[in-house]
Amino acid sequence: MGSDRSTAARIAALTPLLEALRSFRLGFAGDDAEAARVAVGDLLEYRVIPRLRDREGSLVIAVVGGSGSGKSTLVNSLAHRAVSPAGPLRPTTTAALAWHGERLPEPARALAERIPVTLEDEGRPPPDGLVFVDTPEPSAHADGVPIAASVLEAADVCLFVASPGRYADAAGWELLEQAAR
């Protein structure tokens, strides 16, 4: 990613921008402009700057999709054990679950401070350099914050899970559209 000096310079250049974005509101520009200002600030604070600081951090993979599509079953299959609850009841997963190795990368730690995330680091870890975050159904919220969308914002990769029986569940597809944006 570059030398420590260039990384420090990038962070030093972004910090005043973040402070400026957080110091005002766009009261006369409309709701869309204000939401964009907040979104850019969140992206800098929770994603870009932490990733610059954590150059050796693991790749965070958000496992998203509709309720009952097989997200938890996929994570459990990769782990060769039950790390995330899976079952016939909809929804089975009610909070995000991060399956990680020894070191949780900064974006995942910051995410765990904002929304409920169960951390699973016992037993067999995922392959080196990977963190899988199993998400609840797309409509699940914690304190008014959509959990799956928050995980997706903190992720490096979106792994979208769909099943033939769940194609009518539009919420999962909306997450895929968010990932594309």
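Predicted model: local features only at pLDDT ≥ 70, side-chain atom pairs only at ≥ 80, totals over all residues.
Let me start with the largest nonpolar core, which has 22 residues, and in which Val 133, Ile 147 and Val 151 touch the most other members. By a nonpolar core I mean a set of buried Ala, Val, Leu, Ile, Met, Phe, Trp, Tyr and Cys residues joined through side-chain atoms within 4.5 Å, and buried means under 20% relative accessible area, with exposed being over 50% and partly exposed in between, for a 1.4 Å probe and protein chains only. Two or more residues of this core come from each of strand E1 (59–65), E2, helix H4 (106–114), strand E4 (130–134) and helix H5 (147–154), and the largest share, six residues, is given by H5. Helices (H or I, at least four residues) and strands (E, at least two) are DSSP runs, numbered from the N terminus.

Residues are numbered from 1 along each chain as its sequence is written, and side-chain values use heavy atoms, with hydrogens and water left out.

Which residues does Val 151 contact, once its neighbours within four places in sequence are left aside? They are Ala 62, Ala 96, Leu 111, Ile 115, Val 133 and Thr 135, where contact means heavy atoms within 4.5 Å.

Finally, the charged side chains: how many salt bridges does the structure hold? There are four, a salt bridge being a side-chain nitrogen of Lys or Arg within 4 Å of a carboxyl oxygen of Asp or Glu. One of them joins the side chains of Arg 22 and Asp 42, at 2.7 Å from N to O, and this pair links distant parts of the chain, since Arg 22 lies in helix H1 (residues 4–22) and Asp 42 in helix H2 (residues 31–53), 20 residues apart. Arg 22 is partly exposed at 35% relative accessibility, and Asp 42 is partly exposed at 29%. Arg 22, Asp 42 and Glu 45 are linked in a network of salt bridges.

Arg 37 and Glu 34 form a salt bridge too, with their closest N and O atoms 2.5 Å apart, and both residues lie in helix H2, three residues apart, about one turn of the helix. Arg 37 counts as buried at 10% relative accessibility, and Glu 34 is buried at 8%.

The side chains of Arg 81 and Glu 120 meet in a salt bridge at 3.4 Å, N to O. Because Arg 81 lies in the loop between helix H3 (71–79) and strand E2 (96–99), and Glu 120 in strand E3 (residues 117–120), the pair ties together parts that are 39 residues apart in sequence.
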